[in-house]
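Here is a friendly walk through one protein model, for anyone meeting it for the first time. Have a look at the sequence and the structure, then read on.

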Amino acid sequence: MADHTGREAVAAVWRIDSARIVGALARYTGDFALAEDLAQEALAEALVNWPREGVPHNPAGWLLTVGRRRAIDAFRRRSALDERYAALAHGLGEGGVVSGGAPAGPAREGEDVLWDPDQIDDDVLALMFVSCHPVLPREARVALTLRVVGGLTSDEIAKAFLVPTATVQARITRAKKTLGAARVPFEVPPAEERIKRLGSVLNVIYLIFTEGSSASSGDDLIRLDLASEAQRLARVLSRLMPEEPEVHGLLALLELTAARFPARTGPDGEPVLLERQDRRRWDRAAIRRGQAALARAEKAGRGLGAYGLQAAIAECHAVAPSVEATDWERIVLIYEALGRLAPSPVIDLNRAVAVSMARGPAAALPIVDELADAGALPDSHLLPSVRGELLARLGRAGEARAELERAVRLCGNERERTVLERKLAGLG
């Protein structure tokens, strides 16, 4: 029982405080990669000690203390008895360095030796900007962010994205080496640089949520743990950067989208299409949080960005009593604005769906045909599934069948594939 309780405590503390622990160690060592390694070593030490000796009075402080001692050991191994080592070692007694036990000198078990209340927010914010640095490829940003900011293990990240654990570990290792080679400092970027790099941070959180809300492969349509982690990261960022409207826009989008999760799948996990969802099951508290975040984004007076506009579309769905009563014309207008601000084939495809609902399938089909002629989204099931639906509504069953068959072949998610196969069977 004690072993189980200790391991649960380690997992809980790590999920809550890992970002602040890594951030504090990075601030004190000046080395992001070393700080992440030190935090992982402290975590491993806790997994051995806490089940055996009990959970310390100040768990986060314990981890920080062990991480700091490990840093001193690392500098000793490098023969770096310089000013940095002297600053780190000042006031730290000898003894207990390896085990994490109580030191012989004045530092006591659980003492919060690294915690600076005035630096906590900056540490986490710096951690976000470093892990989402544009010098890293997208997959590495996602993995590193989930690891150092989200506190997920390599196994958890691998499971979420259906890749081998070794692949995730390799991405994280390469990311840390890349950051070191690029001499990326651990700091909150200056205001002008922060705005330039904010898009990368927002994009990583959005990618994590997107994979959680509509899994690209596997047996589950929704991966709640991944989507929830993205929501948590967005909430943290909104507290750290309260003056940035697009941060609130992203949070609004995530909250309003997640509000529909309870009704998006049936008891057996099968997807439930929007027109058949029981809207009484939608999370009204999440809708209110999303509307509040969207209002904060609008209050800034700078106009909504890409995430804010998507949140405005999500709000149209959230407040409508039914599909038929949804303000589809407003959604079309918002998609047109979004297409000008952040043009992409996916935006155009979604606009076509909205046009079909507002003005009929005949008005929407040319938009989809133009995308198909341009070779857009060649490896995605989305375009042929939408085109097949429009053709079916127009009574062109043969063409619709060909499109839906292609969509089935391209679809990587088992649950979505089942829906497409059902539509295909319905054509007769």
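Leaving out residues up to four places away in sequence, Lys-176 touches Phe-32, Ala-33, Glu-36, Asp-37 and Leu-144, where contact means heavy atoms within 4.5 Å. You'll find Lys-176 in helix α8, which covers residues 165-181. Helices here are DSSP runs of H or I with at least four residues, strands are runs of E with at least two, and both are numbered from the N terminus. Lys-176 has a relative accessible area of 11%, so it counts as buried. Buried means under 20% relative accessible area, exposed means over 50%, and partly exposed is in between, using a 1.4 Å probe and protein chains only.

A word on the ground rules. This is a predicted model, in which local features need pLDDT of at least 70 and side-chain atom pairs count only at pLDDT 80 or more, while totals for chains, interfaces and linings use all residues. Residues are numbered from 1 along each chain as its sequence is written, and side-chain values use heavy atoms, with hydrogens and water left out.

Now for the overall picture. The protein chain has 20 helices and zero strands. It runs to 428 residues, of which 50% count as buried. Take the contacts with a separation of 6 or more: 64% of them are between residues 24 or more positions apart.

Next, how do helices sit against each other? Two packed helices are described by the angle between their axes and the distance between the axes. The axes are lines fitted to C-alpha atoms, for helices over the stretch in contact, and the angles run from 0 to 180 degrees between N-to-C directions.

Start with helix α16 (residues 345-359) and helix α17 (residues 361-373), whose axes come within 7 Å and cross at roughly 165 degrees. That makes α16 and α17 roughly antiparallel to each other; the cut-offs are under 35 degrees for roughly parallel, over 145 for roughly antiparallel, 65 to 115 for roughly perpendicular, and oblique for the rest. The α16 and α17 crossing is left-handed, which is the name used if the near helix is turned anticlockwise from the far one by less than a right angle (clockwise is right-handed). Among the residues making this contact are Leu-349, Ala-352 and Val-355 of α16, along with Ala-364, Ile-367 and Leu-371 of α17. The contact residues of α16 and α17 divide into 10 nonpolar, one polar and three charged. For that sorting, Ala, Val, Leu, Ile, Met, Phe, Trp, Tyr, Cys and Pro are nonpolar, Asp, Glu, Lys and Arg are charged, and the others, Gly among them, are polar.

Further along, helix α18 (residues 382-393) packs with α19 at an angle of about 155 degrees, their axes 8 Å apart. So α18 is roughly antiparallel to α19. Here, too, the crossing of α18 and α19 is left-handed. From α18, the residues that meet α19 include Pro-384, Gly-388 and Leu-391, and their partners in α19 include Ala-400, Leu-404 and Ala-407. The residues in this contact of α18 with α19 divide into seven nonpolar, two polar and four charged.

Is Cys-411 buried or exposed? Cys-411 is buried, with a relative accessible area of 4%. Apart from neighbours within four places in sequence, Cys-411 is in contact with His-381, Glu-416, Arg-417 and Leu-420. Cys-411 also lies 7.9 Å from Ser-217, C-alpha to C-alpha, although 194 residues separate them in sequence.

How many aromatic pairs does a search of the whole structure find? It finds three. Rings of Phe, Tyr and Trp (its six-membered ring) pair if their centres lie within 6.5 Å; planes under 30 degrees apart count as stacked, over 60 as edge-to-face and the rest as tilted. Two of the pairs are tabulated here.

| Pair | Type | Centre to centre | Angle between planes |
|---|---|---|---|
| Trp-50 and Trp-62 | edge-to-face | 5.5 Å | 75 degrees |
| Tyr-206 and Tyr-307 | tilted | 5.3 Å | 55 degrees |

The tyrosine pair links distant parts of the chain, with Tyr-206 in helix α9 (residues 191-213) and Tyr-307 in helix α14 (residues 306-319), 101 residues apart. Tyr-206 counts as partly exposed at 24% relative accessibility, whereas Tyr-307 counts as buried at 11%. As for the tryptophans, Trp-50 and Trp-62 are both buried.
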